Amino acid sequence: MSWIINLSRREFCKSGALLGGGLVLGIHLPAGLAAAQEAKTAAPIIPNAFIRIAPDDTVTIIINKSEMGQGVYTSLPMLVAEELEADWQKIRIEPAPVDPVYNHTQWGGIMGTGGSTSVRSSWEQLSKAGAAARIMLEQAAAAVWNVDAQSCRAENGFVVHSDGKRRLSFGALAEKAAQLAVPQDVAVKQAKDFKVLGTVKKRLDTPEKTNGKALFALDVMVPGMLTAVVARPPVFGGTVVSVDDTAARKVAGVKDVVRIDRGVAVVADHFPAAERGRQALNIVWDEGALAGLDSSIQLQQYRETAATPGAVAAQRGDFTAGLARAAQKIEAEYHLPYLAHAPMEPLNCVADVRPDGCEIWVGTQLQTTDRNAAAAITGLPPEKVILHTTYLGGGFGRRAVGDSHFVSEAVQISKAVQAPVKVIWTREDDIRGGYYRPAALHALVAGLGADGMPVAMRHRIVSQSIVKGTPFEGGLMKNGIDDTAVEGASDSPYAVADFLAEYHMAPAGVPVLWWRSVGHSHTAFVKESFIDELAHAARQDPYEYRRKLLAGHPRLLAVLDRAARKASWGKASVPGAFQGIAVHESFGSFIAQVAEVSVDKKGGVKVHRVVCTIWANHL
Amino acid sequence: MISLNINNKNYQVEVEADVPLLWVIREHVQLTGTKFGCGIGECGACTVQIDGEAMPSCQITAKEAEGRKITTIEGLGEGHPVQLAWIEEDVPQCGYCQSGQILQAVSLLAANPRPTDADIDAAMNGNTCRCGTYPRIRRAIHRAAGKPGQGGKP
């Protein structure tokens, strides 16, 4: 992916991501692909929007998911290669352009990456794409040899005939195969027949991530490009009252100072000049409604809220009656802070707005949303906005923003200065820039029976909603419950007869966003910490205590038992260390951990060892 | 005008003397394998070698780097034993910090051809990986240890 650097735009368009293409299984050919294919008649060919086979036998898999370290540039090709019977050494990858054919299969009309869904949501789609392409190659070989297609079988990048004498490479067959009708209802393998899936493949992106060639958006250089930094309000929701940019404009290298909706942009020929220009700005801010926001006051408000009933997220039996019958009552409160994603690559975006079109280079998790935001700002039709997905230097959810702010800034500035612009966020911009994991207050009450086991439990959560007021509200918010705030708590697997989970949506203000495991990042901690409190109160072993409450959850039990066994539960390997155990399910994966921790005389905590077991199999 | 020797090549760059070397490497010389992470020498993403010693390029000015031998990830080429060990152990995830990790590891091995886990942890402490590839980094350094040519000079 190093081709962007220092290419002229013309060269770029010739060599860019939009070359070649082929047919789509029952769907239209992406406009970009069709145009590019027309322009380059020698374009390699084959069966669908996800696979291209070139005469030199390389098999290019077009990836509609963003590679941010989670391995989609390897795992998704594995799905295709399994069914295609491709030679793994010939596999190449290419990031997909924005087109409906590349939409997320579960997200209703947008292309994007997140929610631990990439492999799960692509499995059937890519398996079937691979299988269809393989069938077409086999049919093409049958036609060449004038034999029955049943006697032709793909293996390791070739189609071989059952006579054992004839074989043709995928590359030799690709052009012929592309003329065939795409089979619509293809069978895929049973797990027992897998050759690729379930094996360990080296990541396809490793070599270029060890020699400096992997291209992140921050590395994109477009001819004539300027670099911008943005002075954003010191308080979330603040606005600019006035700007004195006299000194900023005098900084060597500063080309322009531009007001945009989120602040004031300083545009320069290089980053250091832009940053110096920003420091020289004199801005009067209206700090807005959140000027007095204070973490301690917010915590107090959350506590007061938590003392009142919230919206019911989950209910079994009758908590109040159950608690009244309990022999012992345990209460606990947990306060979780706002957390920044802090990806290693600070946010950035390159935009080139021209009268006739717009090009964007960005490490994003929501391509369609960002593309559409650019279309709205420029007034261009969406198809005139070309978005190139680069590698992401970490995402963790920070690059999946419904308001497209870090793309919109670049588009606005480029439009204003009529030149390609790269907006760079400094680390300080990133950390204080908001879009945090929401702070949360959890208030829990449980009643234990005479045997020490919980008979009633109430889990109340106060936090801002991540999805309220965003394009995702419709899908993720029901009856006043933000599912991302209660996931992992409302669906607690522990067998407590009288159970109640409640949610209070805290007032909006600080921008919040999905952060890594989203709700589970706080609910798993609280759920597991509290069950430990109950075990402690009951004077029972926390591992055995959990086991008793997890009947009917074989996978959770399996990982819990294995972690306990592998960690020699009850016998810390480090003298003076203590063991702790936890188990949780999120996003279809089941995980247990045993940590060995010691506490020194000053209260300092040292983690010596963590044994982790996970059930992440094909379900 | 400042002259810099980067990867055994001389560059004349029109840049103010106090601009951090990082930005000269990235924006003027356009070697973008060296990454910006924090700008204050805390994360190690911008690590380069200066006269064989790994250091964060955001903490040295262009002027200070003049006349010294600067090696970036591009200067290692593609077949350096540390790079090969990185590939063998499949170290990178997002990959953003890895140029700095690799150059730091090359310097470590030049000074200490057989580092222990503790030596590795101490030497690599200034290089943050948000993906948490540390156990694989350790394995890769052990793998590269003792191989010919793993020294500080590519």
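This is a predicted model: local features need pLDDT of at least 70, side-chain atom pairs count only at pLDDT 80 or more; totals for chains, interfaces and linings use all residues.

Reader: Which residue of β6(A) stands opposite Cys152(A)?

Author: His161(A) does.

Reader: In what order do the strands of the open sheet run?

Author: The order is β5-β6-β7 in chain A, three strands with antiparallel pairing. Look for edges next. β5 (152-155) and β7 (167-169) of chain A each have a single partner strand, so one side of each lacks a neighbour in the sheet.

Reader: By how many degrees are neighbouring strands turned against each other?

Author: On average by 25 degrees, direction ignored.

Reader: Which helices pack on the sheet?

Author: Take helix α4 (residues 118-145) of chain A. Helix α4 touches β5, β6 and β7 of chain A. Its direction makes about 130 degrees with that of β5(A). Then take helix α5 (residues 170-178) of chain A, which touches β6 and β7 of chain A. The direction of α5 makes about 80 degrees with that of β7(A).

Reader: Now the domains. What does the assignment give for chain A?

Author: Domain 1 (16-209), domain 2 (217-288 + 342-431), domain 3 (293-339 + 436-540) and domain 4 (541-619).

Reader: How many residues of domain 2 of chain A are in contact with domain 3 of chain A?

Author: Nine, and they meet 10 residues of domain 3. By class, the domain 2 side has four nonpolar, four polar and one charged residues. The C-alpha centres of these two domains of chain A lie 37 Å apart.

Key:
Residues are numbered from 1 along each chain as its sequence is written. Chains are lettered from A and ligands numbered from 1 in the order in which they are written. Domain bounds come from an automatic or database domain assignment. Two residues are in contact if their C-beta atoms, placed from the backbone, lie within 7 Å. Ala, Val, Leu, Ile, Met, Phe, Trp, Tyr, Cys and Pro count as nonpolar, Asp, Glu, Lys and Arg as charged, and the others, Gly among them, as polar. Two strands pair if DSSP finds at least two bridges between them. Helices (H or I, at least four residues) and strands (E, at least two) are DSSP runs, numbered from the N terminus. Axes are lines fitted to C-alpha atoms, for helices over the stretch in contact, and angles run from 0 to 180 degrees between N-to-C directions.
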